[in-house]
Amino acid sequence: DTSSGTTTYPVTVTLDDTGLTLPAGGTAAVSVVVGSVREVLTVPSSAVSGGSVTVLDGDGETTSRARITTGLVGPTRTEVTDGLAEGDRVVLADLDAAVPSSDSATDTGNGGLGGFGGTGGAPAGGAPMVRMGGR
């Protein structure tokens, strides 16, 4: 089925009998891990847009776009292999700010940067978001 933009495949999963009372032939959601890394530089996946992130410059007042090279991408964290250093402050959307529209008379500055998603994290301008040892 590809109608929702997601491809699905029927699979058979065999579980060792550990006293589970699951009905035969039932449906389940399964995540398949295709790679795993440790002790790497990561950013929130929602901060990555078009192969770059917005970083807060050293003065803490201005931002700039940084082109990055990514490694493994997960639902919440993305590995960065080039383009950032540990401690760089990555700007996320301010989830408390109004969504900008063409009718907006003012620009809040960070609410519309790069179309970031809203999967959580600190508001724009907050603490460093690049960390070592991501999951």
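The lining of the largest pocket comprises 13 nonpolar, eight polar and two charged residues, where Ala, Val, Leu, Ile, Met, Phe, Trp, Tyr, Cys and Pro count as nonpolar, Asp, Glu, Lys and Arg as charged, and the others, Gly among them, as polar. The model is predicted: local features need pLDDT of at least 70, side-chain atom pairs count only at pLDDT 80 or more, and totals for chains, interfaces and linings use all residues. Residues are numbered from 1 along each chain as its sequence is written, and side-chain values use heavy atoms, with hydrogens and water left out.

**Largest pocket**

- The lining consists of 23 residues, of which V13, G26, T27, A28 and V30 lie nearest the pocket centre.
- A pocket is an open set of points on a 1 Å grid over the protein atoms alone where a 1.4 Å probe fits, with protein on both sides within 12 Å along at least five of seven lines; lining residues have an atom within 4 Å of a point.
- The volume of the largest pocket is about 740 Å³, taken as the space filled by probe spheres set on the points, which are joined across faces, edges and corners.

- Strand β2 spans residues 52-56, and five of its five residues are buried (under 20% relative accessible area, 1.4 Å probe, protein chains only); strands are DSSP runs of E, at least two residues, numbered from the N terminus.
- S52, T54 and L56 point one way from β2, while V53 and V55 point the other way.
- β2 runs antiparallel to strand β3 (residues 63-67), with five bridges between them; strands pair if DSSP finds at least two bridges between them.
- Opposite S52 stands R67 of β3.
- Six residues separate β2 and β3 in a hairpin, and G60 in the turn has a positive phi of about 75 degrees.
- Strand β6 (residues 89-90) is also antiparallel to β2, joined by two bridges, and R89 is the bridge partner of L56.
- T54 counts as buried because its relative accessibility is 2%.
- The T54 side chain makes a polar contact with the side chain of R65 at 2.5 Å (a pair of N or O atoms within 3.5 Å; within protein, one able to donate a hydrogen and the other to accept it, with sequence-adjacent residues counted only if both atoms are side-chain atoms).

**Residue E79**

- E79 belongs to strand β5 (residues 77-82) and is classed as buried because its relative accessibility is 13%.
- Beyond its neighbours within four places in sequence, E79 is in contact with V37, V40, L41, T42, T69, T70, G71 and L72 (heavy atoms within 4.5 Å).
- V40 is 39 residues from E79 along the chain, and their C-alpha atoms are separated by 6.6 Å.

Key
Buried means under 20% relative accessible area, exposed over 50%, partly exposed in between (1.4 Å probe, protein chains only). Helices (H or I, at least four residues) and strands (E, at least two) are DSSP runs, numbered from the N terminus.
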